[in-house]
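This report describes a protein chain through its helices, its backbone geometry and selected residues. The sequence and the coordinates are shown first.

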Amino acid sequence: MEIRVLQYFLTIAQEENISRAAEVLHITQPTLSRQIHQLEEELGTQLFLRGRRLTLTDGGILLKHHAEEILALVDKTLSDFQHQGEVCGTISIGSGGLSASQFLPPVMQAFRTRYPQVRFEFYTNSAEYIIERLNQGLLDFGLLLEPVDVAKFDYRRLPERERWGLLLRRDHPLAAQDVIYPQDLSGLPLITTARLPLQKELSSWLGYDFSQLDIFGTYNVVTHAAMFVQSGTACALTIEGAVNLLGGDLVFRPLAPELRMTSVLAWKKFKPHFSAAGKFLDFLQAWPGEGVDRTARSSSSTVPC
């Protein structure tokens, strides 16, 4: 399977038409059709359903997912090696909605002032997806809410502690309270994190098993839950940093007794320092601000799990 053929496949998937894809790729339609037919034979599955427009089969959808990841990694690899000896290229950072991420903008601004050819790429998702992309080499750094298994990474724990609370409509009866107690959640339809380690922490705070709550649904990014809160369908258990950018009629009320969790900035071990990401790591370690604990940890350290 060639990278070139994967690019052909993705172009057809985007254009939904062989003729238009051939024009975009500047090759003939018979050549393109032959390449895709050979790819289907190689994989042993049909990739497109033929009709007025081409649509992906289940196998095509799976290949599209993998092809996008493969080509993204190829682009990142080429970028890293093309820019040896100069600091330029893309530094990719993944994060959920964490208050701790506020230390990054001044560091990034100062770094880009020194190295103006660098740009940053941001990826927002749950810790599981961020860890997956770190492992795949698609992300350089990940901001992760603990407890999280970072045994495969080097990392720095961030001093700011994320505060848990309840996101609800301003006209909800509980919005009149300054804090939310465990008993307030009884019988309340809730949307909450899908991460099991975080659910265990919430169970400890509740004093009873998390499964006894009325869980309407779970989220991986709290913005997915906000529309259900806005509609009055449910309230959302989340951290404050994840909702600071949400406006409208939503309010955040902290839990009592207070529940806070730490977060870490993680990266793959043995990051080459000739890359832009390696230079950024050096820059971050020398940064004079107070946003990061500068004692790097590795897998030999005690890690929450």
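How many residues has helix 1, and how far does helix 1 reach from its first C-alpha to its last? In this predicted model, helix 1 covers residues 3-15, which amounts to 13 residues. The distance from its first C-alpha to its last is 19 Å, close to the 18 Å expected at 1.5 Å a residue.

## Overall composition

The protein chain contains nine helices and 11 strands. Of its 305 residues, 45% count as buried.

Among contacts between residues at least 6 apart in sequence, 73% join residues at least 24 apart.

The buried residues of helix 1 are V5, L6, Y8, F9, L10, T11, I12 and A13.

Helix 3 spans residues 29-43, and its axis comes within 10 Å of the axis of helix 1, with a crossing angle of roughly 105 degrees. Because angles of 65 to 115 degrees count as roughly perpendicular, helix 1 is placed roughly perpendicular to helix 3. Helix 1 contributes R4, V5, Y8, F9 and I12 to the contact, while helix 3 contributes L32, Q35, I36 and L39. By class, the residues of this contact are seven nonpolar, one polar and one charged.

## Helix 2 and its contact with helix 3

Helix 2, residues 18-25, also meets helix 3: the two axes come within 9 Å and cross at roughly 105 degrees. Helix 2 and helix 3 are therefore roughly perpendicular to each other. On the side of helix 2 the contact involves I18, S19, A21, A22 and L25, and on the side of helix 3 it involves Q29, L32 and S33. Five residues of this contact are nonpolar and three are polar, with no charged residues.

L32 of helix 3 takes part in the contact with helix 1 and in the contact with helix 2.

## Positive phi angles in the helical loops

With a relative accessibility of 30%, E16 counts as partly exposed.

H26, in the loop between helix 2 and helix 3, is a residue other than glycine with a positive phi near 60 degrees. Its relative accessibility is 72%, so H26 counts as exposed.

## A67 in helix 4

A67 belongs to helix 4, which runs over residues 58-82. Is A67 buried or exposed? A67 has a relative accessible area of 0% and is therefore buried.

When residues up to four places away in sequence are not counted, A67 touches L6 and L10. Both L6 and L10 are listed among the buried residues of helix 1. A67 and V5 are 62 residues apart in sequence, and their C-alpha atoms are 9.9 Å apart in space.

## L168 in strand 6

L168 is part of strand 6, residues 153-169. Its relative accessibility is 0%, so L168 counts as buried.

Which residues are in contact with L168, leaving aside its neighbours within four places in sequence? They are L174, A175, V229, C235, D249, L250, V251 and R253. The C-alpha atoms of L168 and G232 are separated by 8.1 Å, and these two residues are 64 residues apart along the chain.

## Cis peptide bonds

E146 and P147 are joined by a cis peptide bond, with omega of about 5 degrees. P147 is located in the loop between strand 5, residues 141-145, and strand 6.

A cis peptide bond also joins A256 and P257, where omega is about 0 degrees. P257 lies in the loop that runs between strand 10, residues 250-254, and strand 11, residues 260-268.

Terms used. Residues numbered from 1 in each chain as written. Predicted model: local features only at pLDDT ≥ 70, side-chain atom pairs only at ≥ 80, totals over all residues. Heavy atoms only, no water. Helix = DSSP H or I, 4+ residues; strand = E, 2+ residues; numbered from the N terminus. Expected span 1.5 Å × (residues − 1). Buried < 20%, exposed > 50% of the residue type's maximum accessible area, 1.4 Å probe, protein only. Axes fitted to C-alpha atoms, helices over the stretch in contact; angles between N-to-C directions. Parallel < 35°, antiparallel > 145°, perpendicular 65-115°, else oblique. Contact = heavy atoms within 4.5 Å. Nonpolar A, V, L, I, M, F, W, Y, C, P; charged D, E, K, R; others polar.
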